[in-house]
Amino acid sequence: MARRGKILAIKWGMNPNSSSLGVDVTFLIAGAAMIAMATPVVGALLRIRGQRQVNNALASTSRAGAVDNTADASSGSNDA
Amino acid sequence: MRKPSWLQRVLDVARDQRLPRDAQALRFRVEQFGAIVQSLNPRALVFVDRDYARQWTARNGLAAPRWAEPEAEAGTRAKTQTRTRTRTRTRAETQTQTRAETRAETGTGTGTETETETPTRTGSPSATDSLTGITKRVLQKARALVRAVSPGTAATLDDNPITMAPLSAPLEAHLQLTNRCNAGCKGCYTGASPQGDNTSENREWQLAQWQRTIDELAAAGVFHVALGGGESAVLPWLGELADYCWQRGIVPNLTTSGLDGLPALLEIADRFGQINVSLDGLGDAYAAVRGFDGFARADAAIRALRQRKREIGINVVVTRSNFTQLDAIFAYAKKQRLSEVELLRFKPSGRGARGYDEVRCTDAQHRLFLPIVLAGAKRHRIRVKVDCSYTPMLAFHDPGPAVLAQLAVFGCTGGDFLIGAKAQGQLTACSFAAPPPPDNNGARPRVDELRSYWNRPDAFGVFRQWRNADEPCRSCTYLSVCRGGCRVVAAHAGTPAAPDPECPSVVRFRSSSR
């Protein structure tokens, strides 16, 4: 049976600052309880969105010039 | 503007209603430890292990990702690093006994290590004690809960696979589209001027060159770009570049001073994931930091942008003079219904190198940074982000490496999680760093050739050599999170590879060694 897998980290938000990597420290206020609660929620969203994303990708495979790393992963070309 | 109801917000998230037409809701990138999945709504980069990546791809009908390094080997490498680090930590315990080490080893966090230096600029001793006490309690609870809900999460980060090797590509690229700016801020980290970096020999890059760069970044797997300057809002092709980013699967974000180019920016504001306006103080404090009175114009820009877009925040460069105003700035952000406040440490770069020691925060302020930020964020219910160079100041309060790692709080990630690019296309480890030295042909690496430079063994020099840190970083529990602090500050002090001289733990170590 396959191991379940873990979410190792979540970097929240987007960083508009053109000088350094911005990370959200507000979660420290609620502590790990919030992190623990947020992780399965994000996991569920990834599952739902993942299926939708694949459907969209299949529907738009002919779109010229689009870069889709999901497609890269499916072809196995994105080795680390 | 009418505030959306909570129900509308939930529905927005569920339906991805607020994404631009070209946006891909999810992107996926294979990494040595597993993969990184980008979600645009909610906005997050999610680091997952290999098992999760396999299941995620299988569930979505995709071929299983492949990794160049076998899993067993990766695990062995991590364990070897753990043993090495444990040994050095044990040896150093008798030398330094920093608070972080003591707490990590005992697991108690009882706060028995009291500070002898009493901060003087940030309030009365009783207020300071109160802040520190709140922070201690919050962090103790955080650590206990992490242990309870994630028993596999170690007290140290040595076995965290994210830190084993540089990523396959940066998460984000900071592109200085121009170094033209009329503001003339006295601490400008790029030394921007009205003429920019245009010389008789070299010109700043234009749209076609930046589009070629976006192609390169997309091919590498970069998720975000942070566009800045100079003042990028005056560029007539800024909106076109933002569109191009979306088309190539990259989220464009923007920093602006709000002092120039506002009408054009308002027209294209929707094309950015997030826009932050630089605001280094309220009222007179703005002038004290920047050298001119631009608060009213920046304030007007923030209000106008907020009318057009929800994801508007402010960047605050924290200095000795505006440190006491942080709470007021949080209140301002809350009043303007901004999405975030991003706090940036003042850096000795560009014009900021002149008089740096008089402008930067004091050691006492650095020690109080996290308590004040957490208290202010809690009081005003505002989201606060901090830049990577503040990680030593967070680690000083011992929140636990696992907690920081779960929030993807890492110290100097230049040349790894992020890269920078100058207005003429030179690649840098971060926006504050000088370009790498030229090769044998006299050429410096360019951002549109990122992939050919990224995997060189000597790429980005000291930025990737944090594992060889000197004491006290070498034996610090937080090394793999903090990575020795800011390389730019260390370089300004004389040795780029040395520990960040402003880290409170380093300050204490050096004062006790004398």
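Q: Which residues does Thr319(B) touch, not counting residues up to four places away in sequence?
A: This is a predicted model, with pLDDT of at least 70 needed for local features and 80 or more for side-chain atom pairs, while totals for chains, interfaces and linings use all residues. Residues count from 1 along each chain as written, chains are lettered from A and ligands numbered from 1 in written order, and side-chain values use heavy atoms without hydrogens or water. Thr319(B) sits in the loop between β8 (312–318) and α11 (326–335) of chain B, both being DSSP runs (helices H or I, at least four residues; strands E, at least two). Its contacts (heavy atoms within 4.5 Å) are Val289(B), Phe346(B), Val359(B) and Cys361(B).

Q: Which strand pairs with β11(B) in the parallel sense?
A: Strand β11 of chain B spans residues 418–421, and both its faces are covered. Leu418(B) and Gly420(B) are buried on one side, Ile419(B) and Ala421(B) on the other. Ala421(B) is the bridge partner of Leu175(B). The parallel pairing (at least two DSSP bridges) runs over four bridges, and the partner is strand β4 (residues 172–176) of chain B.

Q: Which residue in the turn between β11(B) and β12(B) has a positive phi?
A: β12(B), residues 427–428, pairs with β11(B) in the antiparallel sense over two bridges, and there Thr428(B) is the bridge partner of Gly420(B). The two strands form a hairpin with five residues between them. A phi of about 90 degrees belongs to Gly425(B).

Methods: Buried < 20%, exposed > 50% of the residue type's maximum accessible area, 1.4 Å probe, protein only.
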